[in-house]
Amino acid sequence: MSEIEEKFAVLQQLQREFEALQRRIVELELLANEYRKAVSSLEFLKSSENVVNALVNLGGGVFGYAEIKESKKFLVDVGAGIVIEKSVEDTLGFIKRKLEEVEKASAEAASALRKVAVEASRIQQELAELSKKERGKEK
């Protein structure tokens, strides 16, 4: 395999890594938005003293009307299918920590994305130089 072919293969791998990181960042941003909505909703419920009317997502784009009678305790999926009852304050803390983790992971992915982009740019320059040398040999 020639040096140009090797560099081109490396460049293709970097492009795949770049695309995977882009997808990961989008996924993390969607998750962060979900956590932000949960924080907003919980803060609203925390300030409510009465029954709260709400729409509940039943899946498949179907929503149902519901009354939230208990707005100070929530069931929280803490992982591995384990659900624990938590106070609204503890639930908010839990969700805010998860949001921080997601934002940190997103920042790390963005940093990795920049590194991959710099490396891909370097490889592209090297390929251009090698191609120029090859064309010079042909003359």
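## A residue in helix H1

Gln 22 is partly exposed, since its relative accessible area is 37%, and the class called partly exposed lies between buried (under 20% relative accessible area) and exposed (over 50%), as found with a 1.4 Å probe and protein chains only. Gln 22 has its place in helix H1, which covers residues 3–47; helices (H or I, at least four residues) and strands (E, at least two) are DSSP runs that are numbered from the N terminus. Between the C-alpha atoms of Gln 22 and Arg 135 there is a separation of 35 Å, and these residues stand 113 residues apart along the chain.

The model is a predicted one, in which local features need pLDDT of at least 70 and side-chain atom pairs count only at pLDDT 80 or more, while totals for chains, interfaces and linings use all residues. Residues are numbered from 1 along each chain as its sequence is written, and side-chain values use heavy atoms, with hydrogens and water left out.

## Salt bridges

Side chains of opposite charge can pair when their charged atoms come close. A salt bridge is defined here as a side-chain nitrogen of Lys or Arg within 4 Å of a carboxyl oxygen of Asp or Glu, and by this rule the count is seven salt bridges. One of them joins Lys 7 to Glu 126, with the closest N and O atoms 2.6 Å apart; this pair links distant parts of the chain, because Lys 7 is in helix H1 whereas Glu 126 is in helix H2 (residues 88–138), 119 residues apart.

Glu 119 and Arg 122 also meet through their side chains in a salt bridge, at 2.3 Å from N to O, and they are separated by about one helical turn because they are three residues apart in helix H2. Glu 119 is partly exposed at 29% relative accessible area, and Arg 122 is partly exposed at 36%. Lys 7, Glu 119, Arg 122 and Glu 126 are linked in a network of salt bridges. A further salt bridge pairs Arg 36 with Glu 29, whose closest N and O atoms are 3.1 Å apart; Arg 36 counts as partly exposed at 32% relative accessibility, and Glu 29 counts as partly exposed at 35%.

## A nonpolar surface patch

Leu 55, Phe 63 and Tyr 65 form a nonpolar patch on the surface, and together they have about 430 Å² of accessible area, a value from the Shrake-Rupley method with a 1.4 Å probe, where for residues only the protein chains shown count as cover. Patches are made of residues with over 30% relative accessible area and no salt bridge, with like charges joined within 9 Å and nonpolar side chains (Val, Leu, Ile, Met, Phe, Trp, Tyr) within 5 Å. Tyr 65 lies in strand S2, residues 62–68, and counts as exposed because its relative accessibility is 79%.
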